[in-house]
Amino acid sequence: MRAPIAVSSLAIAISLSACQQNAESEATGSEPASQSPIETRVVDATWNRAAEEARQRLTLRAREGQARNVILFVADGMSIPTIAAARIYDGQTGGDTSGVENLLTFEAFPNAALVRTYSTDSQVPDSANTATALMTGIKTRNGAISLAADQGVEVCGTPEAAPLTLAEIAEARGMATGVVTTTRITHATPATTYSHSVSRQWESDVDLPDNAVAAGCRDIAAQLLSFDEGDGIDVVMGGGRANFLPEGDGGRRGDGRNLLAEWEARGGATVTDAAGFRSLDVAATEPVLGLFANSHLAFSADRDDAEEPSLAEMTGFAIDRLSAEEDGYFLLVEAGRVDHAHHATNAYRALTDMQAFEAAIEAAIDRVDLDNTLILVTADHGHTMTFSGYPARGTSILGLVRRAVSGGLDGETALTLDRTGRPYTTLSYANGPNTRGQDDEALSDEEVQAPNYRQEATVALPSQTHSGDDVALFATGARAHYFGGSMEQNTVFHLVAYAMGWTELPGDEAPN
Ligand SMILES: [Zn+2]
């Protein structure tokens with residue numbers, strides 16, 4: 001949770017168009033009638049809060065200098081209702097019984113945009129094509145990792161035909177690069193930075209079908225080892241160790257390769273537990289591969305601090321390490337398991353993983369100079385969680401819907417009942433595993449607030465699905481004012497390129 005005053009402590013940028021409008025009205029010399037003060041009748045706490053927020057926007061200034069560093073934060077599956085619910089959960093668990101006035105750190109970033117997430121073959125996307133859009137500037141089909149929509153196994157024979165990724169471009173320009181995630185490092189989102197794969201499923205050699213092997217395709221883990229742009233990726237951290245180790249040695253590789261040993265043989269460092277992570281020398285320069293679990297890292301709510309570092313710790317280390325590169329760095333940080341919790345309709349773990357994501361963003365804000373660093377916070381796609389009913393202010397965001405029945409903010413509340421006379425939760429899903437019938441017992445507060453509770457769904461599906469709604473993007477730092485309005489997801493890539501000075505707009509002049 002942010003301290004209340006932090007809105008003003010964050011650096012803020014104003015949109016260019018607002019500056020131009022001011023300049024124009026000054027130039028005309030005549031004062032518009034609208035500049036006389038408005039009459040106010042009610043000045044209460046809500047008025048003052050809004051007036052302060054408005055005043056802060058008026059002091060925003062653009063950070064027009066070129067970005068040297070870019071940090072892309074992605075919370076997988078962070079729909080806009082997820083942000084609203086996480087804001088309240090974070091406030092309520094931080095001692096604010098209301099929670100509605102809490103703000104997550106990134107919500108105070110000066111610029112925001114809506115991002116359209118559809119893929120080339122689906123209205124509702126997956127993580128592979130959406131991360132490909134962010135990483136390569138093109139949209140592709142569901143399931144493809146940093147390949148164009150029409151590129152199949154034949155591209156394995158001509159790897160130079162695959163689109164370049166932000167990490168590949170950054171490395172080729174002599175920058176430092178890093179990838180940090182809470183999923184397997186070979187999972188879709190992180191894989192789009194360093195690999196090109198016809199299928200997101202090809203994480204280890206045993207996952208490749210015969211036609212892919214025949215076409216010379218390589219698995220995603222092996223591609224991480226053979227990544228050869230620049231001096232290679234400098235910091236790689238997450239889970240998924242089994243895809244790097246041979247069968248019989250705790251892994252699932254069929255080719256007998258031990259990719260951790262190969263990484264070390266090339267002069268890199270590897271770490272596999274929290275103690276090893278915490279003993280890493282941040283001033284060292286060898287590339288580091290940290291794989292802290294066989295598969296995904298634990299949900300934040302279940303994480304054993306002695307076994308796995310937190311997302312914030314990994315993010316802090318990556319920034320400290322990458323900052324030594326004077327040509328700048330590109331860093332992807334993914335909170336990959338918000339998505340997994342949503343698939344299980346377990347809102348508790350989605351919201352607690354959002355808090356871990358928030359902590360990682362704070363770790364970044366503490367470390368960077370926003371005049372030379374662009375920070376973006378977004379999601380790859382949404383989920384079907386809804387935030388609805390008319391729960392009274394102060395009711396638990398994970399609880400049953402209770403309406404206010406008498407007197408003020410601390411007044412009495414009563415359960416709101418559905419048409420069959422049963423209570424329901426504030427958070428629910430359009431589809432998923434927990435559908436309830438009229439014969440089921442009525443829900444209790446105790447049941448719905450238990451950590452393993454799966455929120456109710458309308459349509460019965462074994463796993464809750466992604467959604468096709470737009471996601472939000474928040475931007476702060478160098479050239480953050482490039483981001484705004486409603487944009488295609490792959491436009492984010494192009495704006496990053498402009499912010500980094502990698503490309504110029506037609507007409508010779510760099511935009512600012
Ligand atoms: Zn998903």
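This is a predicted model: local features need pLDDT of at least 70, side-chain atom pairs count only at pLDDT 80 or more; totals for chains, interfaces and linings use all residues.
The centres of domain 1 and domain 2, taken over C-alpha atoms, are separated by 35 Å. These bounds come from an automatic or database domain assignment, which gives domain 1 as 69–384 + 466–499 and domain 2 as 392–428 + 438–458. To the contact between them, domain 1 contributes 14 residues and domain 2 contributes 12 residues. Here, two residues are in contact if their C-beta atoms, placed from the backbone, lie within 7 Å. On the side of domain 1 that touches domain 2, the elements giving two or more residues are H4 and H14. H4 provides the largest share of that side, four residues.

Residues are numbered from 1 along each chain as its sequence is written.

Let me turn to the chain as a whole. Its secondary structure comes to 16 helices and 17 strands. Helices (H or I, at least four residues) and strands (E, at least two) are DSSP runs, numbered from the N terminus. Along its principal axes, the C-alpha trace spans about 75 × 70 × 45 Å. For 512 residues, a compact globule would have a radius of gyration near 24 Å, and the chain agrees because its own value is 24 Å. That radius is taken over C-alpha atoms, and the globule rule is 2.2 Å times the number of residues to the power 0.38. Of the contacts between residues at least 6 apart in sequence, 71% join residues at least 24 apart.

How much of the chain is buried? Buried residues make up 47% of the 512 residues. A residue is buried if 20 or more other C-beta atoms lie within 10 Å of its own, exposed if 12 or fewer, and partly exposed in between, with C-beta atoms placed from the backbone.

Next, the sheets. An open sheet of 10 strands has the order E5-E6-E4-E3-E7-E1-E8-E16-E2-E17, with mixed pairing. Two strands pair if DSSP finds at least two bridges between them. E5 and strand E17 (485–488) are the edge strands, each pairing on one side only. From one strand to the next, the twist averages 15 degrees. For such angles, axes are lines fitted to C-alpha atoms, for helices over the stretch in contact, and angles run from 0 to 180 degrees between N-to-C directions.

Within this sheet, I would direct your attention to E6. Strand E4 (residues 235–239) runs parallel to E6 and is joined to it by four bridges. Gly238 stands opposite Leu291 in E6, and Val236 stands opposite Leu289. Strand E5 (residues 269–271) also pairs with E6 in the parallel sense, over three bridges, and there Ala269 has Val288 as its bridge partner. In a regular strand the side chains alternate between the two faces of the sheet. In E6, Val288 and Gly290 point one way and Leu289 and Leu291 the other way, and all are buried.

The loop between strand E6 (288–291) and helix H12 (311–322) holds Ala298. Is Ala298 buried or partly exposed? Ala298 counts as partly exposed because it has 17 C-beta neighbours inside 10 Å. Leaving aside residues up to four places away in sequence, Ala298 touches Arg303, Asp304 and Glu308. Helix H12 itself lies across strand E3 (176–184), E4 and strand E7 (329–335), running at about 170 degrees to E3.

A second open sheet has three strands in the order E10-E13-E14, again with mixed pairing. Strand E10 (385–387) and strand E14 (457–460) stand at the edges with a single partner strand each, so one side of each is left without a neighbour in the sheet. Strand E13 (residues 427–432) pairs with E14 in the parallel sense over three bridges, and Tyr429 has Ala457 in E14 as its bridge partner. Helix H4 (residues 80–93) packs on this sheet, touching E10 and E13, and its direction makes about 55 degrees with that of E10.

Finally, the interior. A nonpolar core is a set of buried Ala, Val, Leu, Ile, Met, Phe, Trp, Tyr and Cys residues joined through C-beta atoms within 7 Å. The largest such core has 122 residues, of which Val70, Ala318, Leu331, Ala360, Ala364 and Ala499 touch the most other members. Helix H14 (residues 347–365) gives the most to this core, with 12 residues. Domain 1 and domain 2 each supply at least three residues to this core.
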